[in-house]
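Student: Can you help me read this one? I'd like to go through it piece by piece.

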Amino acid sequence: MADTLLRRIQGKRVVIYGRSLQYAAIYTALEYAWLLDGLPYGALWPGTADTLAQLERSRWECARLRHGEFENDWAAAEGHFTLPVEEPTADALSRCRVTAALLRRMADPALRYAELNARAEQTVRDGKSHRPRPQGGQRLSRIAASRDAVLERSQRACENPRCPDPRYTSALGRNGSYLLEVDHIDDHAKGGDDLPSAMIALCPNCHALKARGTVDDSFRDLLRFTALVRHQELLSKAR
């Protein structure tokens, strides 16, 4: 059983409730599996280094920490993202359920979109939108959550309903980002909203067509309508 477990997790991405706690628990479980009743407290088993080396070949991540990052909730005093509150008496099954709930939440595109949209709207309410940036020319600040939300909504496909090849962008750039360009349907520098409902993800061809092509206002109207409908659909799923 212990050897089977090690084979299954070796080299894999292992997402757990709390890295240090669960890591120690797994090692202890392996030790008991091999030695029946384990070692006395403070003693080291001769194969400890080998077991730790096998465990280290996996990529370990803490679901609680990843969820704090997902929520963009930074704990300045601790120097890391805020961890969800843990019940002191939580047993292993409870922790598994919490981990599963966190992963489901992070994997749901509608919830992710809704949270990013809420973050963007809060930025607007805080008066942090359309502020001049300290650069040459007329450059305004942009809300990162809005861009992230539109990319989440796009699911790696151009959002122009007339795009002849929406999956032209299925590959990723050298930095691992989408090969999509998030565009303000109404010019941001002229007061266009910096919110997901007023923005759209376009492949480079469609973006160039909108910016420099011979298209009339009906094309911009189509994009505006498409963005708003997709925006409302995802928010309704997140409720």
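Student: Which residues is arginine 153 in contact with, leaving aside its neighbours within four places in sequence?
Tutor: First, a word on the source. This is a predicted model, where local features need pLDDT of at least 70 and side-chain atom pairs count only at pLDDT 80 or more, while totals for chains, interfaces and linings use all residues. Residues are numbered from 1 along each chain as its sequence is written, and side-chain values use heavy atoms, with hydrogens and water left out. Now your list: Tyr113, Glu159, Pro196, Ser197, Met199, Ile200, Ala227, Arg230, His231 and Leu234. Contact means heavy atoms within 4.5 Å.

Student: Where does arginine 153 lie?
Tutor: In helix H7, residues 144-154. Helices (H or I, at least four residues) and strands (E, at least two) are DSSP runs, numbered from the N terminus.

Student: Is arginine 153 buried or exposed?
Tutor: Buried, because its relative accessible area is 3%. Buried means under 20% relative accessible area, exposed over 50%, and partly exposed in between (1.4 Å probe, protein chains only).

Student: What polar contacts does the side chain of arginine 153 make?
Tutor: One is with the side chain of tyrosine 113, at 3.0 Å. Another joins it to the side chain of glutamate 159, at 2.8 Å. A polar contact is a pair of N or O atoms within 3.5 Å; within protein, one must be able to donate a hydrogen and the other to accept it, and residues adjacent in sequence count only if both atoms are side-chain atoms.

Student: Which other residues of H7 are buried?
Tutor: Besides Arg153, they are Ala145, Ser146, Ala149, Val150, Leu151 and Ser154.

Student: And what do the buried residues of H7 pack against?
Tutor: Against H6, S5, strand S6 (199-202) and H9.

Student: What follows H7?
Tutor: Glutamine 155 does, and its phi is positive, near 55°. Glutamine 155 lies in the loop between H7 and strand S5 (181-184). It is partly exposed, because its relative accessible area is 40%. Arginine 156 is in the loop between H7 and S5 too. Its phi is also positive, about 65°, although it is not a glycine. At 33% relative accessibility, arginine 156 counts as partly exposed.

Student: New topic. Which residues form the largest nonpolar core?
Tutor: Twelve residues: Ala110, Tyr113, Ala114, Leu116, Ala120, Ile143, Ala145, Ala149, Leu195, Leu234, Leu235 and Ala238. The largest share, five residues, comes from H6. A nonpolar core is a set of buried Ala, Val, Leu, Ile, Met, Phe, Trp, Tyr and Cys residues joined through side-chain atoms within 4.5 Å.

Student: Why would such residues be buried together?
Tutor: In soluble globular proteins, nonpolar side chains tend to be buried together.

Student: What does leucine 235 contact, beyond its neighbours within four places in sequence?
Tutor: Tyr113, Ala114 and Asn117. Apart from this core lies another, of ten residues, among them Cys158, Cys163, Ile185 and Cys206.

Student: Last one. Where is phenylalanine 225 found?
Tutor: In helix H9, residues 217-238. At 57% relative accessibility, phenylalanine 225 counts as exposed.
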